[in-house]
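Here is a short note for a colleague who is new to this structure. Please read the points with the model open.

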Amino acid sequence: MTVVLRAAMSDDVPAMARIYDHHVRTTTATFETVPPGEALWAEKVVSIVAAGWPFLVAEITDPSPGEVGGVVGFAYVGPWRVRPAYRYTVEDTIYLDAAATGRGVGTRLLAEVLDLARAAGAREVVSVIADAETTASLALHTRLGFRTVGRLEDVGRKHDRWLGTTLLQLSLVDRTADDADADADGPEPRGQQT
């Protein structure tokens, strides 16, 4: 199995919609309750990339017999909040086809997105993870250095139950280093608020 990580393109939208729609319908990984379909993903790819932030897909180019091929996952970062002071903070999103889980695809995909986010000027990454059925996502983020910074209880309702979220954060900069820009706004990130 060869997994290629590459920039998302418009041709990837049907696969992204299929992957996400599965999570909407069957899991609590997203608080969406109705699959948004391809139009949302077409817009999302354009807006994230136009803002300078990374949006990648993972593609299996040579599937073994019985294995899923093509786009099996996607990940990106986008603005954490739209107010200007948050411009150096992003939120990550990652979804995988169920057949691609447990094979290291998510780790490679998210690690690459984080490297590209750092290069685009992000300093902090926030992840909001539902507290039910998401042990793999929590483990993935922890493995990549995220730490738990908070918890919100009973903030969403899906599949006839109340759900909370865990807030995780990863610093992409060395906070202990002497920051030459401590009294200034610093350089603008290449990635911008959308």
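1. Start with Glu-59 and Arg-6, whose side chains form a salt bridge, 2.9 Å from N to O. A salt bridge here is a side-chain nitrogen of Lys or Arg within 4 Å of a carboxyl oxygen of Asp or Glu. The pair links distant parts of the chain: Glu-59 lies in strand 2 (residues 55-60) and Arg-6 in strand 1 (residues 3-7), 53 residues apart. Strands are DSSP runs of E, at least two residues, and helices are runs of H or I, at least four, numbered from the N terminus.

2. A caution on the source: this is a predicted model, where local features need pLDDT of at least 70 and side-chain atom pairs pLDDT 80 or more, while totals for chains, interfaces and linings use all residues. Residues are numbered from 1 along each chain as its sequence is written, and side-chain values use heavy atoms, without hydrogens and water.

3. Arg-6 also meets Asp-12 in a salt bridge, at 2.7 Å, N to O. Glu-59 is partly exposed at 21%. Buried means under 20% relative accessible area, exposed over 50%, partly exposed in between (1.4 Å probe, protein chains only).

4. Asp-115 and Arg-118 form a salt bridge too, at 3.1 Å, N to O. They sit 3 residues apart in helix 3, so about one helical turn separates them. Asp-115 is partly exposed at 40%. Arg-118 is partly exposed, with a relative accessible area of 40%. Elsewhere, shared partners join Arg-6, Asp-12 and Glu-59 into one network of salt bridges.

5. The count of salt bridges comes to 6.
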